[in-house]
Amino acid sequence: MALSVDTTPAKHVTVLRNGDGKYEGRKFVVSRRRYRTFDALLSDITHQISAPFGAVRRLYTPKGSRQIRGIDDLEGGATYVAGGSERFKKINYNPQQPGKNWGFTSNVKPGFLADDPPPLILPKKEKSTDCDSALIPLL
């Protein structure tokens with residue numbers, strides 16, 4: 001009797017929470033050996049992402065254009081949005097490209113508010129060994 005071994009490579013996916021644009025996501029390695037059923041995967045996602053809506057019952061593409069119905073529908077390297085029984089919420093789910101949901105614009109550096117003036121940059125002073133040059137103001 002020959003053993004059947006699943007040689008399908010594992011898929012690395014990132015799962016976000018429905019309606020939470022600030023959540024950076026949780027990475028999962030999905031394979032048939034680890035998750036024999038789609039429900040087992042949804043159960044593990046429920047425990048790992050601490051969803052405020054309760055049990056994860058659905059997976060969507062980030063644009064909400066497609067609902068994932070099984071492990072075979074997942075694509076390696078892709079990002080998905082986990083949802084419960086509620087409808088998919090259309091917001092910007094891409095943390096690398098912040099939008100209006102993130103509360104800041106991309107031209108503002110981290111640590112500065114949009115209303116803050118730019119930092120004052122002073123020129124570096126040259127070290128002088130001559131004492132007389134310290135009394136003469138530089139123009």
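This is a predicted model: local features need pLDDT of at least 70, side-chain atom pairs count only at pLDDT 80 or more; totals for chains, interfaces and linings use all residues.
Q: How do strand 1 and strand 2 run, parallel or antiparallel?

A: Two strands pair if DSSP finds at least two bridges between them. Here, strand 1 and strand 2 (residues 26-30) run antiparallel, joined by five bridges. Strand 1 also has strand 5 (residues 79-83) as a parallel partner, with four bridges. Along that pairing, Thr14 has Thr79 as its bridge partner, and Arg17 stands opposite Ala82.

Q: In what order do the five strands form the sheet?

A: The order is 2-1-5-3-4, in an open sheet with mixed pairing. Strand 2 and strand 4 each have a single partner strand, so they stand at the edges, with one side of each lacking a neighbour in the sheet.

Q: Which strands does helix 1 lie across?

A: Helix 1 lies across strand 1, strand 2, strand 3 (58-60), strand 4 and strand 5. Its angle to strand 2 is about 155 degrees; axes are lines fitted to C-alpha atoms, for helices over the stretch in contact, and angles run from 0 to 180 degrees between N-to-C directions.

Q: How many residues of strand 1 are buried?

A: Buried means under 20% relative accessible area, exposed over 50%, partly exposed in between (1.4 Å probe, protein chains only). In strand 1 (residues 11-17), six of the seven residues are buried.

Q: Why does Tyr93 count as buried?

A: Tyr93 counts as buried because its relative accessibility is 6%. You'll find Tyr93 in the segment after strand 5. Contact means heavy atoms within 4.5 Å. Leaving aside neighbours within four places in sequence, the contacts of Tyr93 include Leu16, Arg17, Pro62, Val81 and Phe88. Tyr93 and Gly25 are 68 residues apart in sequence, yet 9.5 Å apart in space, C-alpha to C-alpha.

Q: What is the mean pLDDT of the protein?

A: pLDDT is the predictor's confidence in each residue, from 0 to 100. The protein's mean is 76, with 65% of its residues at 70 or more. Over residues 97-109 the pLDDT is below 50, and that stretch has 15 contacts in the model beyond near neighbours in sequence.

How values were computed
Residues are numbered from 1 along each chain as its sequence is written. Side-chain values use heavy atoms; hydrogens and water are left out. Helices (H or I, at least four residues) and strands (E, at least two) are DSSP runs, numbered from the N terminus.
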